[in-house]
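This briefing goes through a two-chain model by topic. The sequence and coordinates come first, and the notes follow.

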Amino acid sequence: MNAQTSTLRPTPHSETGDVILELRNIVKRFPGIVANDHVSLKIRAGEVHALLGENGAGKSTLMKVVYGLYQKDEGEVLVRNQPAHIRVPQDAMALGIGMVHQHFMLVPNFTVIENIILGLRTDRYPLLDLGKSLERIKTLADDFGLNAPLSAKVGGLTVGQQQKVEIIKALYRGARILILDEPTAVLIPQEAEELFKLIEHLRADGVTLIFISHKLKEVLRVSDRITVMRRGQLIDTRDTTATTIVELAELMVGKAVDLSVAKRPSTPGENHLELRRVTTRADQGVRPLQELDLALRSGEIHGLAGVDGNGQQALVQAIMGLCPVAGGQVIFHGRDIRAMETAERISRGIEHIPENRHTEGLVLGLSVTDNLLLERFEHRPFGDRGLRQFKIMRAHAATLMQKFDIRAPNPDIQTLKLSGGNQQKVILARSLWPDPTVLIAMQPTRGLDVGAASFIQ
Amino acid sequence: MAEDISQNLAPLKPKARFSLPIANVAMPLLSIVVAALAGAVIILLMGYDPLKAYAALAQGSFGNLMQTSETVKTAVPLLLCGLGIAFAFQSGAFNIGAVGQMYMGGLAAILVAGQFAGLPGWLHMLLATLAAFVAGGLWALLPAFLKVRYASNEIISTILLNYVAIYLVDYMVAGPIKSGGYGGAPTSWPVLAGVMYPKLVPQTQLHLGLIFALSAMVILFFVMRYTTLGQRVRIVGQNRVAATHAGIRADRVFLLAFFLSGSLAGLAGAAEILGYQARLISGFAPSTGYDAIAVALLGGHAPFLVGLSALFFAGLQTGAVAMEAIAKLPAQLVDLIRVLAILAVLAASSPRIVEFARKLQGEDRKW
């Protein structure tokens, strides 16, 4: 595409209110699942249209069909009332459709400007025309408040800035319809706030926005209209001003939901585990802890909030002894346990539920029994003088399966064959039955349905 | 595939127990059959009679007591190395270094067995065997350490160390431990009288090494099946991160597994030298350690099946001679069949075919 035809052109005719993008009976199947089941949707020019639904409802799939990343199995896409044949993202871009993915498609070692013009042809092809591009991009960057030099390497920018680069990249390529896939998932609250302002700004410029999200509050905050999807089907479209958070939640889940969580007041006691000015080393992309202080008292649930990748992993590693602690102390029942092996911490009552059950929590090729005893197969009575006691292990596993409602035909089945929710319950059962003093749970409700999640609570 | 269909009719029966033989026995057998058929076609194209050729092969490998004992003798180092490779594989890594570990074992055995005259024979024999065991283990520990410490690829480092070991043996037999006598291929000093493994059956080549190999097979089976150590190795091999999270010191387990893997190959070296070669010769077992990879693969890393597989590959080796003599076929044809069998096993262990086999068994249901 020629750079000159892009950037924000004044709209030749009033687009507002007309249907700019129409989907008719879109069907997209994946092996064993219908991701989009005859979805029909009209997006009006100039609106902010939210696509709301739980994980796996088919929102992203639908938009990837529009953007040419997936091929639809049935149905039609119309752009500005013309049937559109979108086979690859380049087709979508030519029609003025841009998409910002949840995981950014940027080259960290390239500068902002290099990323934005990446893959575009200039008049001087095959040479770059950085000078000419620079002016236009600078206008866009100033306009949208990208507080970063265009010559900065993208890898050094904050997540919020990188997202802006992605948006500018799409606009520079002439996007008039911009799809944002879960844009707030990676942002901290202040950055999200900035994003909402930017969305306002774009709408004022006449850009049509499709905002994919599963967060009710932000959808109500930024959108003009809201379409709810559930299990691949389009449930309904509402005007934002004419709906409520409770109504949306019900549409999303398909039944009445009590959004409040009942909690008994706790009576915190003595300190069980205390972190004093704990510092860890940066290691393999895990953000280290810097002089973290934390005290966990008995009987309390200590919530740790934060966007992924801000040290939660390092915290778990420090407490479990999975990485060396460079500075500070980890005190458990009055004793510094920095030098203690992970196995001993576990047997002394520090349990954890790893963040990723497939890579950290389970050995998928082994049986449910083996996984339920992953931490204790060598302890009596399950292992006796180095020999495994199969009968005792199996009976123990059967008991846990019943108690924790793990649905599997028998304890010998490979853990791989369990559904995600049941796999998570295996980990829960494993870390809860020894009645631990301290339980560190990383995203313990991930992949659980609402019923199972409330069991954890 | 009739039994698969009948299994599908009764899907509620737990059949985890039945799934093992299908994957571990049926597929290797099928790949041998496929290799034999492909080999037959090639023999036909070359203008020979495949039936005659295979008959000669069988005759030459298991035709009479002498031939059978020769085959079993050949199987001993294959089995030891194969078990070692299978064990390393259980701990999650490929040990391609059995050649080098076996050479180091042979070198250590001759160093001890050719010296220290005056020791009681049985003790001397035991010490030489132990030296080979430790030397092979240490030679394997090096790449394992490099992997644990610097994340270097064990496939490459074990292969490279093979060459180091081969050339070290070449150097030793050409210099420091060269035999005084005749010329020709450089050889080491001989094993002292009374230190050679005793024969199990007179007039045959069967020696004590066979007992070592069979014991190793049974012990390995027992360890992997019934002990917590075996379970630790299995967990580390299948998911090292989860093992660490569960409090298992994965690096240690891995180092131990690799040490034992190399030890078994070292033992194979001792079996060759003390079993019948009686001295260390340059290039004394150039391909055993590599053939053992195929042995382990065909055996699906299950000890007893590795045993059968070692016997099969040894049979091909001894039968080749007879095939050449009786059916007047080039011995290289046997190599061809052997390679075809390996290729067929590799194909059969490819994820896509394993997946297909699972589907036939109706095992892909989610719970």
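This is a predicted model: local features need pLDDT of at least 70, side-chain atom pairs count only at pLDDT 80 or more; totals for chains, interfaces and linings use all residues.

In what order do the strands of the open sheet of four strands in chain A follow one another? The order is E2-E1-E4-E5 (chain A), and the pairing is antiparallel.

**Overall make-up**

- Chain A holds 15 helices and 18 strands.
- Chain A has 457 residues, of which 36% count as buried.
- In chain B there are 15 helices and two strands.
- Buried residues account for 47% of the 367 residues of chain B.
- Among contacts in chain A with a separation of 6 or more, 67% come from residues 24 or more positions apart.
- For chain B, the share of such contacts that comes from residues 24 or more positions apart is 77%.

**Confidence in chain A**

- Chain A has a mean pLDDT of 81, with 84% of its residues at 70 or more.
- Helix H15 (residues 450-456) of chain A has the lowest confidence in that chain, with a mean of 37.
- The highest confidence in chain A is found in helix H12 (residues 368-372), at 94.
- Residues 1-15 of chain A stay under 50 in pLDDT, and the model gives this stretch 26 contacts beyond four places in sequence.
- Residues 446-457 of chain A also stay under 50, and here the model has 15 contacts beyond four places in sequence.

- A:Val79 has A:Gln82 in E5(A) as its bridge partner.

- Strand E8 (residues 208-213) of chain A is mostly covered, with six of its six residues buried.
- A:Thr208, A:Ile210 and A:Ile212 point one way from E8(A), while A:Leu209, A:Phe211 and A:Ser213 point the other way.
- In a regular strand, side chains alternate between the two faces of the sheet.
- Both of these sets of E8(A) residues are buried.
- Strand E3 (residues 48-52) of chain A runs parallel to E8(A) and is joined to it by five bridges.
- A:Val48 stands opposite A:Leu209 in E8(A).
- Strand E7 (residues 177-181) of chain A is likewise parallel to E8(A), again with five bridges.
- A:Ile177 stands opposite A:Thr208 in E8(A).
- From E7(A) the chain crosses through helix H6 (residues 189-204) of chain A to E8(A), in a right-handed β-α-β crossover.

- A:Thr279 lies in strand E11 (residues 271-280) of chain A.
- Is A:Thr279 buried or partly exposed? A:Thr279 counts as partly exposed because 15 other C-beta atoms lie within 10 Å, whereas a buried residue needs 20 or more.
- Setting aside residues up to four places away in sequence, A:Thr279 touches A:Pro288, A:Leu289, A:Gln290, A:Glu291, A:Ala326, A:Gly327 and A:Gly328.
- The C-alpha atoms of A:Thr279 and A:Gln329 are separated by 8.9 Å, with the two residues 50 residues apart along the chain.

**Nonpolar cores**

- In soluble globular proteins, nonpolar side chains tend to be buried together.
- The largest nonpolar core has 133 residues, and those that touch the most other members are B:Leu79, B:Leu80, B:Cys81, B:Leu83, B:Ala109, B:Ala128 and B:Leu274.
- Helix H11 (residues 250-277) of chain B supplies the largest share of this core, at 15 residues.
- Beyond its neighbours within four places in sequence, B:Leu83 is in contact with B:Ala216, B:Met217, B:Leu220, B:Leu264, B:Pro303 and B:Val306.
- Another core lies apart from the largest one and has 63 residues, including A:Ile26, A:Val39, A:Ile199 and A:Val222.

**The interface between the chains**

- How many residues of chain B are in contact with chain A? There are 19, and they are in contact with 30 residues of chain A.
- Helix H9 (228-238) and helix H10 (240-245) of chain B are the elements that give two or more residues to the side of chain B that touches chain A.
- H9(B) gives the most to this side, with five residues.
- By class, the side of chain B that touches chain A has nine nonpolar, eight polar and two charged residues.

Technical notes. Residues are numbered from 1 along each chain as its sequence is written. Chains are lettered from A and ligands numbered from 1 in the order in which they are written. Two residues are in contact if their C-beta atoms, placed from the backbone, lie within 7 Å. Ala, Val, Leu, Ile, Met, Phe, Trp, Tyr, Cys and Pro count as nonpolar, Asp, Glu, Lys and Arg as charged, and the others, Gly among them, as polar. pLDDT is the predictor's confidence in each residue, from 0 to 100. A residue is buried if 20 or more other C-beta atoms lie within 10 Å of its own, exposed if 12 or fewer, and partly exposed in between; C-beta atoms are placed from the backbone. Two strands pair if DSSP finds at least two bridges between them. A crossover is right-handed if, with the strands pointing away from the viewer, the path from the first strand over the helix to the second runs clockwise. A nonpolar core is a set of buried Ala, Val, Leu, Ile, Met, Phe, Trp, Tyr and Cys residues joined through C-beta atoms within 7 Å.
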